[in-house]
Amino acid sequence: MKNILEALEERRAAAKLGGGQKRIEAQHGRGKLTARERIELLLDSGSFEEFDMFVQHRCVDFGMQNQDKIPGDGVVTGWGTVNGRTVFVFAKDFTVFGGSLSETHAQKMVKIQDMALKMRAPIIGLFDAGGARIQEGVAALGGYGEVFKRNVMASGVIPQISVIMGPCAGGDVYSPAMTDFIFMVRDTSYMFVTGPDVVKTVTNETVTAEELGGAKVHSTKSSVADGAWDNDVEAMLQVRRLIDFLPSNNTDGVPELPSFDDPTRFDMSLDTLIPDNPNKPYDMKELIQKVVDEGDFFEIQEGYARNIITGFARVEGRTVGVVANQPMVLAGVLDSDASRKASRFVRFCDSFDIPIVTFVDVPGFLPGTAQEYGGLIKHGAKLLFAYSQATVPLVTIITRKAFGGAYDVMASKHIGGDVNYAWPTAQIAVMGAKGAVEIIFRQDIGDAEKIAARTQEYEERFLSPFVAAERGYIDEVIMPHSTRRRVSRALAMLRTKKAEQPWKKHDNIPL
Amino acid sequence: MFSKILIANRGEIACRVIKTARRMGIKTVAVYSDADRDALHVEMADEAVHIGPPAAAQSYLLIDKIIDACKATGAEAVHPGYGFLSERAAFAEALAAAGIVFIGPNPKAIEAMGDKIESKKFANAAKVSTVPGYLGVIESAEQAGKIAEEIGFPVMIKASAGGGGKGMRIAYSLDEVKEGFDRARSEAASSFGDDRVFVEKFIVNPRHIEIQVLGDKHGNVIYLGERECSIQRRNQKVIEEAPSPLLDEETRRKMGEQAVALAKAVNYDSAGTVEFVAGQDRSFFFLEMNTRLQVEHPVTEMITGIDLVEQMIRVAYGEKLAITQNDVKLDGWAVESRIYAEDPTRNFLPSTGRLVTYRPPEEGENESGVIVRNDTGVYEGGEISIYYDPMIAKLVTHAPTRLKAIEAQAQALDAFAIDGIRHNIPFLSTLMQHPRWQSGELSTGFIAEEFPEGFSNPEPEGETARLMAVVAAYIDHLQNERRRAITGQLDRVIDVEFESERTAVLGEQSFPILVSGGEEDEVIVSFDDEEQPRIVESDWVPGEPVWQGLIDDVEVVAQVRPILNGVQIAHAGTLSAARVYTRREAELAALMPEKVAADTSKFLLCPMPGLVKAISVAEGQEVKAGEPLAMVEAMKMENVLRAERDGVISKIHAKEGDSLAVDAVILEFA
């Protein structure tokens with residue numbers, strides 16, 4: 001009997017070594033951790049329950065039948081807890097066949113995906129692999145398909161998080177692409193559909209892997225990644241932090257943590273946040289940090305379309321999604337990139353019942369051929385669509401400008417805002433004074449004195465929150481210092497919100 | 001007594017004067033420029049009068065505006081504070097002509113002491129010890145050379161009308177005298193519109209010691225001990241203290257009596273300061289007299305218990321001094337730090353902007369007799385503007401002994417949280433720990449000698465590092481305990497436990513520790529290599545910028561700022577990124593390669609499509625990190641682009657009025 005038990009231990013020990021000590025060292029040499037080390041960091045210690053440790057490939061082509069069969073077949077799968085909450089996880093093991101995807105490898109992933117969906121618990125994928133195992137041919141491609149389909153089934157039901165921690169190319173990229181969040185590790189990860197060699201052959205473009213699909217490219221230029229971290233340890237610990245913000249699924253509601261921050265706290269310094277000069281920017285992040293619990297803000301897509309801010313925070317210990325125009329960048333204007341970024345975030349929050357707090361200081365949509373040719377109309381419509389279809393609590397605070405169509409888009413009362421507040425500094429109008437006067441009083445353009453008088457008249461009448469407040473588009477004009485208290489109370493009241501959409505198969509958002 | 005006074009100043013000194021006036025039952029009137037509309041002194045005063053645009057020359061320096069403000073509000077007297085109009089005889093005269101009392105000395109005294117040459121003549125006549133030198137106007141470099149040889153090298157060439165180090169040259173040889181003379185003269189002409197210079201002996205390793213005097217309109221003058229202000233950076237005082245660690249009773253009395261003699265010689269009738277330069281052998285020479293309240297007056301107030309502003313108001317009203325020389329007793333030691341909006345790690349480049357965080361330490365006296373006082377004119381959410389002196393606050397601590405006052409100052413600095421702008425608290429904190437400062441072996445060259453390479457935040461060592469590790473462990477423990485309380489947990493077959501064996505990593509150092517909860521809210525942190533565990537108590541909660549608590553019953557204060565997976569801690573003049581890992585996390589973290597700081601490109605790129613409103617530099621110009629390079633207007637917002645590092649501008653690609661696309665090159669560094 002004892003022998004049998006010992007044999008198990010031996011087999012386990014062998015499986016845990018993956019591709020062997022030498023490959024593990026090579027992995028470390030590249031500044032990367034192994035799949036199992038990453039899982040150790042990600043999950044509560046001792047909580048990992050591994051599945052399919054002994055799975056092996058069944059390929060007999062191109063010499064694969066002669067190669068050592070390595071248990072696990074390039075992916076480590078299982079489940080465990082993050083601060084006591086169940087999550088499912090798979091981690092590509094670069095030390096085993098370069099983490100390449102075989103039929104059996106895909107089956108392991110699929111098993112975990114099915115369980116995660118059935119158990120309504122988040123799934124986290126850690127990517128560090130060389131793509132399809134070419135020797136397996138269409139069996140590998142079929143495997144991808146099975147994984148993709150399940151990504152889509154699970155979308156909007158359980159949070160799916162992908163972390164790119166090494167190569168991720170070809171077929172491997174599309175599973176992460178369909179998950180809710182992609183994070184990357186700087187300098188050690190890259191992600192592209194076709195690599196530099198193919199690029200060179202096809203387009204004659206010379207480019208490095210880092211330039212083509214490094215963390216910087218995807219977190220600032222392409223918006224494929226939602227964030228980037230310096231190394232594997234930082235990444236895994238930050239994913240733990242993110243999990244603490246996220247609901248386990250689309251019906252359980254947001255997790256709650258004890259808060260040390262008084263929800264009725266006044267912050268007098270907010271009374272001076274808006275500069276006297278309307279052309280001076282200020283940092284919207286200061287407002288976010290001073291309103292949410294303990295200043296703790298987990299930003300999503302921090303490096304991309306910085307004219308809008310998206311991220312998670314807590315109020316009274318409960319998760320909220322924050323969307324805010326950033327006057328520090330392009331005056332907080334809405335352009336195609338900002339609209340896409342925010343609309344995806346709003347839809348994530350709505351899928352998972354996370355209330356959204358929107359801070360508005362928006363001068364309008366960005367004019368120009370680049371924007372129009374790039375489809376600003378459709379991209380802007382995405383954000384309008386996302387807010388309009390949202391049934392989660394929507395609390396909106398207009399701090400300064402809310403001009404034109406952008407006013408409507410930014411969670412206005414008209415498209416479903418539940419509680420809409422404005423600071424006394426708010427200016428809610430079709431456009432700024434100068435442009436407006438030049439159109440309304442075109443006949444007076446030559447007369448500087450008249451124009452000045454008209455401008456002043458316009459400013460007094462329209463560049464305030466009171467025209468909107470008189471019509472009930474703004475529920476109340478609030479003191480900036482009371483914002484946290486107002487937001488907390490609004491969110492508390494909205495916890496019982498029930499709003500329903502008419503039955504539909506699904507909507508047809510302008511993709 | 002006056003029923004209403006006007007304070008012709010701004011910032012902390014205006015607030016400080018208002019406090020005393022209010023205590024005396026006197027109503028106050030503030031004046032303010034456009035830039036100070038929301039300033040604290042305006043808020044504190046009973047009334048406020050707007051006096052013009054931000055530039056001081058168009059507001060705080062306009063005598064007529066001040067007098068009009070007095071008339072409009074019925075203020076009977078004016079306190080000028082320091083700077084601005086405080087030492088303008090013309091101002092005192094104009095007030096007198098308008099029937100308003102000047103809370104300061106008589107105009108003749110201001111005039112006599114305002115001129116460096118005149119004041120020396122008075123000093124000589126009053127038998128005050130003066131630096132050997134030539135007091136007449138020097139006509140030529142040759143004459144200057146001759147005088148220098150007579151009094152002996154090194155010598156100093158100084159502008160008669162000067163101050164603040166402008167128009168000042170030190171010469172060790174005849175050639176240097178000749179060169180320095182011309183330079184000093186042209187600098188004096190351009191800075192002060194007066195090219196007169198004089199020559200005097202230069203004291204090696206000098207210390208700056210000054211005597212506070214107080215006179216009334218009845219011929220009484222007393223001295224209130226000395227202040228030492230030797231810790232200076234480019235002739236600007238940084239730290240002041242009272243008394244001076246150099247002086248003995250005998251020297252103090254001699255200096256005080258000479259100061260009183262000088263004050264009497266000009267019928268001095270207010271608070272004033274007689275500045276001396278002192279040698280390490282306690283020799284001292286008269287430097288100049290400041291006919292106003294000094295910035296650093298609080299240290300004198302702390303050790304004498306006398307409110308100087310109150311005394312100024314009383315004597316201005318005509319009261320006789322109620323204090324005699326015998327009543328003046330020096331009690332304990334006071335240290336003052338000047339907190340400036342400047343970046344000590346970037347060569348003290350001024351920093352302006354919004355005070356996103358401003359949380360000064362708690363003021364008042366604690367049970368061990370330490371008093372903390374913070375004189376300030378700002379508040380959280382306020383603005384440090386480009387128009388005025390970048391001083392944020394004066395932090396004063398008073399304790400029975402010098403070392404205790406220094407210790408209290410260090411702790412108060414650790415408890416002083418400022419964010420949004422750069423400030424010199426890290427530098428001041430490091431200074432407080434400096435052994436030479438603590439030993440009192442000072443000279444005005446202290447900072448230049450001890451920080452020849454400039455300043456960068458040192459990493460903690462020894463016990464300081466351990467205390468910081470304990471603070472980090474406490475914070476980590478608190479957060480972990482909370483995480484365990486998250487909702488939605490799996491029904492527990494196995495309880496979620498956080499490992500108590502942990503490793504605190506501070507920069508390059510790591511400490512294996514054991515962390516556990518103790519009685520009530522205590523947290524127990526044991527270092528593997530120490531026998532006694534450390535017991536931590538604190539009521540700190542996440543989100544607070546200052547951690548305050550007891551570690552083994554000793555009070556520890558540190559600034560804590562969240563960073564990814566950890567906390568950045570500043571304590572006792574050191575700074576470190578602290579992370580508390582499980583042992584396994586630490587093991588794996590140690591495998592992670594060190595990140596090389598990203599190469600800042602040699603190009604300044606336009607961060608957004610916009611219109612170039614200004615290029616603030618020229619080709620070939622040297623710039624310091626943080627200096628403005630260009631201003632780009634985008635979406636009608638003015639964005640100032642600043643240098644990310646020190647460098648030389650090699651080429652400018654854009655000009656004013658250009659419309660640039662995003663990432664267009666504005667200029668290039670060499």
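Predicted model: local features only at pLDDT ≥ 70, side-chain atom pairs only at ≥ 80, totals over all residues.
Author: Residues are numbered from 1 along each chain as its sequence is written, chains are lettered from A and ligands numbered from 1 in the order in which they are written, and side-chain values use heavy atoms, with hydrogens and water left out.

Reader: Why does Gln489(B) count as buried?

Author: Buried means under 20% relative accessible area (exposed is over 50%, partly exposed in between; 1.4 Å probe, protein chains only). Gln489(B) has 16% relative accessibility and therefore counts as buried.

Reader: Which backbone oxygen lies 2.6 Å from a polar atom of the side chain of Gln489(B)?

Author: That of Arg484(B); the backbone oxygen of Ile486(B) lies 2.9 Å from a polar atom of this side chain. Gln489(B) itself is in the loop between α16 (462–483) and β25 (501–506) of chain B.

Reader: What makes β1 and β4 of chain B a pair?

Author: Strands (DSSP runs of E, at least two residues; helices are H or I, at least four) are numbered from the N terminus. Two strands pair if DSSP finds at least two bridges between them; β1 (residues 4–7) and β4 (residues 77–79) of chain B have 3 bridges, in the parallel sense. Leu6(B) is opposite Val78(B) in β4(B).

Reader: In what order do the strands of this open sheet stand?

Author: The 5 strands of chain B follow the order β3-β2-β1-β4-β5, with parallel pairing. At the edges, β3 (47–52) and β5 (101–102) of chain B each pair on one side only.

Conventions
Polar contact = N/O pair within 3.5 Å; in protein donor to acceptor, adjacent residues only side chain to side chain.
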